[in-house]
Amino acid sequence: MSRKVVRTSKFRHVFGQAVKADQCYDDIRISQMTWDSNFCSVNPKFVAMIVDASGGGAFIVLPLSKTGRIDMSLPTVCGHTGPVLDIEFCPHNDNIIASCSEDCSVMIWEIPDGGLISPLKDPVVKLDGHSKRVGILSWHPTAHNVPHTFTISPCTAVKRVRRAWATCLREAWKSTSVRLQGSINSTRESVNLL
């Protein structure tokens, strides 16, 4: 007696449903840069996406309530001189976003509550000090105002990864540029891994 065994699963009768066009984002020129990045970041208030831009890098920040066709003349965040490689919202403040670029800098931006109404060109803080392009960016999960950056450069047989924690002190938020020193000090710790 041969018995047919059907694989039982509580999900076998579950089917997905496509989202309607008015609940999607349409006509966004996502960056064509080939880099290991998500090209977007989202938090409870905004969604941000890296877009193609001439004359440097840019990204757009949209309120989550704004869906549908996105106007090409939408204001962008454009302060980098090279293509933007990664963006990340701060986990502690929904209006703060950091961006890193091929221009060897990390910029921290403050987005107004209603979203952008004009292009944002001046960062709240600019972190200089990397000697190579900054490719990966994240925030410290528990400490406030501490971004984490990675610089990846090719070596002979292995890749060197330079990790840096940069503490943005409260006084630094008031200035427009913070220069990090190359040596290990109280505001930055660098680690070279082989």
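Trp 109 counts as buried, at 0% relative accessibility; buried means under 20% relative accessible area, exposed over 50% and partly exposed in between, with a 1.4 Å probe and protein chains only. This is a predicted model, where local features need pLDDT of at least 70, side-chain atom pairs count only at pLDDT 80 or more, and totals for chains, interfaces and linings use all residues. Residues are numbered from 1 along each chain as its sequence is written, and side-chain values use heavy atoms, leaving out hydrogens and water.

**Aromatic pairs**

The whole structure holds two aromatic pairs. Rings of Phe, Tyr and Trp (its six-membered ring) pair if their centres lie within 6.5 Å; planes under 30 degrees apart count as stacked, over 60 as edge-to-face and the rest as tilted.

| Pair | Centre to centre | Angle between planes | Type |
|---|---|---|---|
| Phe 46 and Phe 89 | 6.4 Å | 15 degrees | stacked |
| Phe 59 and Trp 109 | 6.4 Å | 75 degrees | edge-to-face |

Phe 59 sits in strand 4 (residues 57-63) and Trp 109 in strand 9, so this pair links parts of the chain 50 residues apart. Strands are DSSP runs (E, at least two residues), numbered from the N terminus. Phe 59 is buried, at 0% relative accessible area.

Phe 46 is buried at 0%, and Phe 89 is buried at 5%.

**Ile 108**

Strand 9 (residues 106-110) also contains Ile 108. Ile 108 is buried, with 0% relative accessibility. Its C-alpha atom lies 5.8 Å from that of Ile 97, 11 residues away along the chain.

Methods: Helix = DSSP H or I, 4+ residues; strand = E, 2+ residues; numbered from the N terminus.
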